[in-house]
Amino acid sequence: MADSENQKFCLQEVLESFKSCLSPEKEIYIEHYVSGWRGLVKLLNSLGSLFGFISKDAVSKTQILMNYLKSENGPHYATVQSMVKFELDNELVDVDKKGIYPESGCRTLLRLHRALRWLQLFLERLRTSKEDDKTSVMCRDAYNESLAQHHPWLIRKSAGMAFYSLPVRLAFFEVMNVGTPEQVVDVLGKAVPLLCEVYQITEELYQKHNLHDLP
């Protein structure tokens, strides 16, 4: 039973992880970023097997980042900013689209970064939703604004099917494991701006170094 409890999504845990993500200088600690993503993976898994196409990819990407963090170059991977500098300085990134470094930290994070935008947009819609709003529509619209543009047709079709399987709004709020709908809205009001800030800092860093089109 304990294992199954540990696998339950808890919005508060994700909030705490992303709260720890930012240094006073607004650098993003990769360890806490990964921890936050592990929480978000639990959310995806709780929504059913159809979301496996995203959750499995997120699991593999977080593991790659943790492997870098534990390697001899670990100190260079302490923050997103130090990782980008280290990999660019040492030409460990496919900035010219050669595909030599398919598991570079920069490329790996880019995939998580794109998915984070989708979840941030979806959770914001959920926060401001009304009782009879459909979670499937909220999730689909958030996906179309973010991840869809990076996915081939087959995955977009699978995503569309997955959205229709989402629970109703009230059941979704129960999945959050933080209490009443009012409490869920309150915690979302704290968590979503954090996700947004982490996303925006990463977005500007990737724009600055032209890293958005890594193959």
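Helices (H or I, at least four residues) and strands (E, at least two) are DSSP runs, numbered from the N terminus. The structure is a predicted model, in which local features need pLDDT of at least 70 and side-chain atom pairs count only at pLDDT 80 or more, while totals for chains, interfaces and linings use all residues. Residues are numbered from 1 along each chain as its sequence is written, and side-chain values use heavy atoms, with hydrogens and water left out.

The protein chain has an average pLDDT (the predictor's confidence in each residue, from 0 to 100) of 89, and 96% of the residues score at least 70. Confidence is highest in helix H5 (residues 80-89), with a mean of 97, and lowest in helix H1 (residues 2-6), with a mean of 41. Where pLDDT is low, the predicted coordinates should not be read in detail.

The largest nonpolar core contains 70 residues. Such a core is a set of buried Ala, Val, Leu, Ile, Met, Phe, Trp, Tyr and Cys residues joined through side-chain atoms within 4.5 Å; buried means under 20% relative accessible area, exposed over 50%, and partly exposed in between (1.4 Å probe, protein chains only). Among the residues with the most contacts inside the core are Trp37, Trp118 and Met176. Beyond its neighbours within four places in sequence, tryptophan 118 contacts residues including Leu44, Phe51, Cys139 and Phe163. Trp37 and Leu44 are among the buried residues of H3.

The structure holds eight salt bridges, each a side-chain nitrogen of Lys or Arg within 4 Å of a carboxyl oxygen of Asp or Glu. In one of them, lysine 85 pairs with aspartate 89, with the closest N and O atoms 2.6 Å apart. These two residues are separated by about one helical turn, because they lie four residues apart in helix H5. Lysine 26 forms a salt bridge with glutamate 197 at 2.9 Å between the closest N and O atoms. This pair links distant parts of the chain, 171 residues apart: lysine 26 lies in the loop between helix H2 (11-19) and H3, and glutamate 197 in helix H10. Lysine 26 is partly exposed, at 40% relative accessibility.

Glutamate 203 is also found in helix H10 (residues 181-208). Glutamate 203 is buried yet has no salt bridge. Not counting residues up to four places away in sequence, glutamate 203 touches His113 and His212.

Conventions: Contact = heavy atoms within 4.5 Å. Lys, Arg positive; Asp, Glu negative; His and termini not counted.
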